[in-house]
Every structure is written in C-alpha cells, then in structure tokens.
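Good morning, everyone. Please bring up the sequence and the model on your screens.

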Amino acid sequence: MSSRALRRLKGKQRGQEALDLGDLVPGEGPEPEEQAADVEEEELEPDEAVLQSDKSSIRKAKKNKKNLSNIYELICEAEKATTDEDTVKPEEQHGDETKEKSDSGETEKRDAQPETGAAKSGDKTSKKKKKKKKKKNTTGDKQEGAGDDIDALLETIEQSNGLTLQSEGCGASDNRPVLYVEHRNLNPETELKRYFGARAVLGDQRPRQRQRQFHRSTWMTIPKNTWPRFSRPGISMTLLESRDGLQYFTFEHSRDYQQIQFKFLDSVESMDPNNIVALLQMNPYHIDSLLQLSDVCRIQEDHEMARDLIERALYSFECAFHPVCSLTSGTSRLDYLRPENRAFYLAGYKHMMFLERRGCPRTALEYCRLILSLDPDSDPLCMLLLIDFLSLRSREYNFLLRLYQDWEVHRNLSQLPNFAFSVALSHFHLSQEDQTESEERERLKHKADLLLQDALIMFPGVLMPLLDLCTVQPDAAVSSHDFFGPRSQLGQTPALAELVSLYVGRTHTLWREGGVLLWLEECVREVLRRVDSKDPLVEDCQNKRKQRYQSAPLNIHRHVILSEIKEATSTLPLEVTTQSVMGFDPLPPLDSVVSYTRPERQSVGASNESTLSLFFRSLLPNFNLQGEPMPQDDLEVAQAGRELNQEVNRLMVAMRDMLANIQFQEPPREDNPDRDEGEWD
C-alpha cells in the first residue's frame, strides 16, 4: 500500500505530518527514493495530481518562498506560517481556495504550450521543491513548542558566543565582562600597525613567511625561526573542577621536568649564571631557567635577549594549554598558591612590562586584564595598582571608569591612591575631547574637579612628591601650609607611604602636561580653601588614614618588588628587604600548595669543598664543619649572628648605592699649553 493511501486511511493530508526538530535543519530534504515514489504516485493518480496542483497554486499565491540559507530564516518563516494559519478562518480559506482555483485555471489555459522533455523535467523539479517546502512547514502545538526550544537554544548560543566576539574598543559593549580580553590585542603588531601602518611594521617579513618552518598557531607570542626546535618540555594543564560557571586549571610537571627543576635550583644556589645557561642548552624551554636568565640579561642591559626569553616561556606555556582553557572568556582560573602556576603569572607580567616600555600600552593593558582575570579575588600580583596607569597610557578612559563603577562596591577601589587620582584624571581627559558636547564637557569637568579635590583631601601626601618629580616648584602658600607640608608625609603609615610612593613614581609622567598641571593648581587652591573653612570631610579622611593602612598585604610587597620603582622599593619593610628574593618566585605565599618536594641533599664533606668555599661558609654564624645539629645555645648565638649579618647587608647596599652615584669632576682643559704650572695655584 502506498504512503498516499495510508495517509487517506488516517484522514491526513499532505504537509500536515508532525515534524521533529531534526527536520528543521536547513539544507536537508527528503531522500531521492521518496521523491521518485511521490512523483510516480502523482503521475498515476490524475485526480490527486489535480488536487495537489490546486493546493500548490494556493500556497504559491500566498507567498513566494525563497530558499532558506540559515536557521534564523527558517524560524522566521515557520513563525509567520503559524501566525497566518491561526488568523485565517475556515470559511475565508475555502473562499480563497475557490478563487485561487479559478484564477489558476485561467492562467493554465492562457499559458498552455506543447510539452517537451525539458518542460517535464522542470515540472518534476518544481514538485520536488514544493515537497521540500512542505517538509519544512509545521503546524499546531508541536510547531510552537519546536520554535520555543530553538529560540532558547539560540539564546544560549548567542550568550556563549558573545564572549568571543571582537571589536575595536576596549569597553565598547556593556554586555561583555569588564575583564574581557581580545585575542588580536594580545599581539603588539596590531597596535603598531595602527600607529605606523602595516607596511612600516611588517616590512620585508611577508616573503620570508613562506620559507618559515611549521609552528603551532598561538595568540600570545609568535614563534621565531631563531628559537630552538620545540619539543614537549614536560608541562601540561589539567582541569581541576568547574564550579559556578568557572573552570579551575593547574599546570603539572612530569617526572623528567621535576628532575630538571631540581637541577635548576642547584644552579641558582651556585650563584653562577653560566650554570643556568648550560641547563638551558640541554632544556631550551625550561620555564624557570628562562625567567631567571631573562633577569640576568635585563640587568646587563641586553633587553632584546631578555624579552626573547620571556616570549619563549609564554610560547611553551600556551602550547601546554588545556583545550577548554580560554583566554578571552574571563572564566578560567589559576591558583597562585600552586608553584607550577606562578611562572605563568610572572612570565605574563614581565612580558607586559616589556610591551609597555616598547611603546605598546594597549597591548600591555590586555595582558594586565588577562593576568587579573586568572584570579580577580586574590589578585596575587596586585594588578589593580597598575591597570589604571595602563588605561591612561592607552587612553582607554571609558574602560577605567567602568571598572571603577563595577568594582567600587565590593572592592572599595576609592581607598587606593592610584584609583582616586586616575579616575579624576580620566574624567578630565574625557572633558577635553573634541567630540564631546558642551553640556557633557561641563558635567565631566565639574565631576573631575570634585574627584580630584576629594583625592587630595584623602591623600595629601601625594602632592609634594608628585610636583617634585614633575620638576614643578610649588607655590609658597602651598608648600608652607600644614596640610600639604612635610607633616603630611611624616604622618603617613608605612603601608600608605608605600602605596603613595608607588603611584607617584609610576604615573608622574602623566601629570606633566600643561593643561593637567593648570587643572591640578586650581584644585589645590580649592582644597586649601576647604581646609581653612573646616570642611568636615577633612577630619573624616584624617580619621580614615589613621584607622586604615596599618600593614600592607604580601601581594602589594610582591608588586613593588616586580615594579622596580626606586621610590617604592625604598619604603619596603625590613622583613621583606632582609630575605632573599628570587626572580622566578618572589615572595612565595606562606600557605603554598606543594605537589612535589625537592629531595634532601646529602651532606658534603670538607674534602669535597674548596678552600674558598669553606672560607665563605665559615663567615656564617651557623657554620658547622661536620654538618651535625647545633645545640640550643649555639642556635641562639646563630640567630643573633644572622641579625648582625642583616644589618651588615643593609650597610653594604647603602655603600653600593653611594659608590654608584659618585661622579668625578673632569680636570680643567689646558687652553694654553705654554701656561706655567704655578698658575694652577
């Protein structure tokens, strides 16, 4: 029995079958065998063929459908068909069918021509298309349910894809996360092309790219032909858990990589960079060796090699990424408490600083957001003390204001000196833009004035060091006033002095502009007027400064050490300056999560040590030639000796700085060679 006969027995007409969601996939139609069977049935049953042609002409008169190219058009057409079927009454539909039959009969008589083979094939093709259209149309409640399911599915897909869209501006869309990262902005060439053009940046690199060897495609760095051949160094990334829409990852070291790590620690203890170089020759992609040797090259002012080593470390990390790990979504997390993850933080930070010094602040800002997104709650490298400076350097004022508005409630950013002053400076720059309307310009300028005045009242110790670094002589009324005088700096707590020195040492170049200095002068005069008039805000801010900023957390000290700003490093507390700081792991957390430990080294006898090594060891207060444990009394003596050594080390550092700053005057030139030596007196 044919399928048409089965439909007649069930009381159904063609095109009224309930379709599944799988039938709503564009580009899929009935099988060729079904099409051929339907064509044969239409040719064998004339009355059914006439009825079917009438129905097809009705549908053709309603609307001339086009081929659907995507799922969005399919949903729109299905919803429109459902609406039309619900609104048309049966009597009106019957009348329309009769009218369409008569019109179609007249059209067929008028256009009747002798049939040819091409015409027959054209008729069959049109029938196949009509069948495909029937397959795609749905009716009843099942059609509405399918449409709702597809709408929900599309909404989910759009939300997930919204995190990977790319645009020009940093804060162009409020729907994106505030720490949204763009892949293309991680490449410094993107920023350099905007400044100088693609021809000036690329130069003759395009022809050479055809001859370059194959490298894995990465986002953070571009592999170079001068690098050693890459092979898996023994680092892998593992997904620990997924919780609340966040994915927590960690890097892991293989057994072989752990042995290399132990050799690296031995090389660091030897205090000889040649040992690290020898280790890198055998293992060219060992992360900690690359980081430590990069610091050595930077100290020797070989910045090109130092930057190249950091890029090689980032390339090794990116090749080990987990397939689910996404740099742009802002949902990937790395725990800084695990030693294996710290190297990625440090490599990204050092690469960011190289980019900023290279003149790519927009790219550096993107890396800053990336590092902050890895652990925004703990912020182990304290990127919040840097992100405002990079935003101002790259002129991303709207992004900085959005970050301040979104995080002020739960992070209290206004209590950081850098945000208090940088947000005011952002409003001022926005008010000076040409495309800003006059009313909006006045509003932004007024808000900038209030914010800067509040910042000066809250942190009065910023003004005088800032003017000093800007080489600006303050007015006598300002320098002699008690509010901005030396007492304001001496009254600061050590933690607040550290934050103020860090901000002033880093951002003083942003305040050197003529318009900014004039604006600062106006606000300073207004602040002095408010102080003299006993504004209650002045006393309130003074109480806040006394109660808060008692001690700085460890991440701020770590950030100051990495920043290498002299004004800030001089304010570090004694417990930080007296301990050894390694470039590959500065100030490790006290509650670190250790996955593997270094095996204890066997005690080496005196016969295996050189005389010079024994001499230096004998200078230590806990020196013991036999390697036996010391008594309790000796331990106390050793503790006192260590404290003495710390004082000596501080004295040596001060002497080294003094010798480095000594400048010898050149003797006067002898303009007259016949001059008598007695004339020198």
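How do the residues of the lining of the largest cavity divide into nonpolar, polar and charged? They divide into five nonpolar, one polar and one charged. Nonpolar here covers Ala, Val, Leu, Ile, Met, Phe, Trp, Tyr, Cys and Pro; charged covers Asp, Glu, Lys and Arg; the others, Gly among them, count as polar.

Some ground rules. This is a predicted model, where local features need pLDDT of at least 70 and side-chain atom pairs count only at pLDDT 80 or more, while totals for chains, interfaces and linings use all residues. Residues are numbered from 1 along each chain as its sequence is written, and side-chain values use heavy atoms, leaving out hydrogens and water.

Back to the cavity. The whole structure holds four cavities of 30 Å³ or more. A cavity is a set of points, on a 1 Å grid over the protein atoms alone, where a 1.4 Å probe fits but cannot get out; lining residues have an atom within 4 Å of a point. The largest has a volume of about 50 Å³, that is, the space filled by probe spheres set on the points. Its lining is L385, P417, N418, L499, L502, Y503 and R506. Two elements give two or more residues to this lining: α19 (417–431) and α24 (494–507). The largest share, four residues, comes from α24. Helices are DSSP runs (H or I, at least four residues), numbered from the N terminus.

Find α15 (residues 339–358) and α16 (residues 361–374). Their axes come within 8 Å and cross at roughly 160°. Axes are lines fitted to C-alpha atoms over the stretch in contact, and angles run from 0 to 180 degrees between N-to-C directions. So α15 and α16 are roughly antiparallel, a label for angles over 145 degrees. On the α15 side, the residues that meet α16 include F344, Y345 and G348. On the α16 side, they include T363, A364 and Y367. Contact means heavy atoms within 4.5 Å. By class, this contact has ten nonpolar, three polar and one charged residues.

Second pair. Helix α12 (residues 273–282) packs against helix α13 (residues 287–299) at about 135°, with axes 10 Å apart. These two are therefore oblique. Oblique is what remains after under 35 (roughly parallel), 65 to 115 (roughly perpendicular) and over 145 degrees. P273, I276, V277, L279 and L280 of α12 touch S289, L290, Q292, L293 and V296 of α13. That contact has eight nonpolar, two polar and no charged residues.

Terms used:
1 Å grid on protein atoms, 1.4 Å probe; cavity = no way out; pocket = protein on both sides within 12 Å on 5 of 7 lines; lining within 4 Å.
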